[in-house]
Amino acid sequence: MKIIACGSVPTIIAPEKYFTGRVLQTPIIEKEAPARLRATLVSFEPGARTHWHTHPLGQTLYVTSGAGLAQTWGEPVQEIRAGDVISFAPGEKHWHGAAPKSAMTHIAMQEALDGVHADWLEEVTSVQYGG
């Protein structure tokens, strides 16, 4: 058994090359090979969002608070709220983040394939974010 004490893992400001707006990330777990799981608590200020990206083995989000938006490439923007579970298939191009006037926090869970958890793509434009 391993216990990771509350407060022992620092929260970081998410890198601007992958996110628009202020986003905080607090790692929950990152298992070493042969396990592949990574889980992170991600907090988005109003209007903040990821860039377009994919995950080689898919991704699951569990929204813990607030309201946000998510979109798969070529599909309409969807509203997401606390308690929702969102599942993206392997390779599915998507983004997610807070609503324009509401903060949103989710737990992001994904597995690595050959050490890669995500492939980051272009920024989500204001037009795309606005729906």
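Student: Which residues does Val-23 touch, not counting residues up to four places away in sequence?

Tutor: In this predicted model, Val-23 touches Ile-12, Ile-13 and Ala-14, and also Val-42, Ser-43, Phe-44 and Ala-48, with residues up to four places away in sequence left out.

Student: Which members of the largest nonpolar core touch the most other members?

Tutor: The core has 15 residues, and those that touch the most other members are Val-23, Phe-44, Ile-80, Ile-86 and Met-104. Strands β4 (37-44), β7 (59-72), β9 (85-88) and β11 each give at least two residues to this core. The largest share, 3 residues, is that of β7. Another core, of 5 residues, lies apart from it and includes Trp-52, Leu-69, Trp-95 and Val-124.

Student: What makes a set of residues a nonpolar core?

Tutor: The members must be buried residues of the nonpolar kinds, joined through side-chain atoms within 4.5 Å. Val-23 and Phe-44 are both members of the largest core, so each of them has to be buried by that rule.

Student: How many bridges join β7 to β11?

Tutor: There are 7 bridges between β7 and β11, which run antiparallel. Within β11, Ile-107 stands opposite Tyr-62. The count of 7 meets the requirement of at least two, so this is a pair as well.

Student: In what sense do β7 and β9 pair?

Tutor: β7 and β9 pair in the antiparallel sense over 4 bridges, and Leu-61 has Ile-86 of β9 as its bridge partner. β7 is also joined to β8 (residues 78-81) by 4 bridges, again antiparallel. There the bridge partner of Gly-68 is Ile-80. The hairpin of β7 and β8 has 5 residues between the strands, and in it Gly-74 takes a positive phi near 85°.

Student: What makes the pair Arg-22 and Glu-45 a salt bridge?

Tutor: The N to O distance between the two side chains is 3.3 Å. The limit is 4 Å, so the pair qualifies. Arg-22 is in the loop between β2 (19-20) and β3 (23-30), and Glu-45 is in the loop between β4 and β5 (49-50), so parts 23 residues apart in sequence are tied together. The count of salt bridges by this rule is 4.

Student: What distance separates Arg-38 and Glu-30 in their salt bridge?

Tutor: Their N to O distance is 3.0 Å, which falls within 4 Å. Arg-38 is partly exposed at 27%, and Glu-30 is partly exposed at 46%.

Student: With which residue does Lys-93 form a salt bridge?

Tutor: The partner of Lys-93 is Glu-122, with the closest N and O atoms 2.8 Å apart. The two are 29 residues apart and link distant parts of the chain: Lys-93 is in the loop between β9 and β10, and Glu-122 is in the loop between β12 (119-120) and α1 (126-129). At 37%, Glu-122 counts as partly exposed.

Student: Which residues form a nonpolar patch on the surface?

Tutor: Leu-37, Tyr-62, Val-85 and Met-109 form it, and together they have about 330 Å² of accessible area. Met-109 belongs to strand β11 (residues 104-111).

Student: How is Met-109 classed, as buried, partly exposed or exposed?

Tutor: The relative accessible area of Met-109 is 30%. Buried would need under 20% and exposed over 50%, so Met-109 is partly exposed.

Technical notes: Residues are numbered from 1 along each chain as its sequence is written. This is a predicted model: local features need pLDDT of at least 70, side-chain atom pairs count only at pLDDT 80 or more; totals for chains, interfaces and linings use all residues. Side-chain values use heavy atoms; hydrogens and water are left out. Patches are made of residues with over 30% relative accessible area and no salt bridge: like charges are joined within 9 Å, nonpolar side chains (Val, Leu, Ile, Met, Phe, Trp, Tyr) within 5 Å. Accessible areas come from the Shrake-Rupley method with a 1.4 Å probe; for residues, only the protein chains shown count as cover. Buried means under 20% relative accessible area, exposed over 50%, partly exposed in between (1.4 Å probe, protein chains only). Contact means heavy atoms within 4.5 Å.
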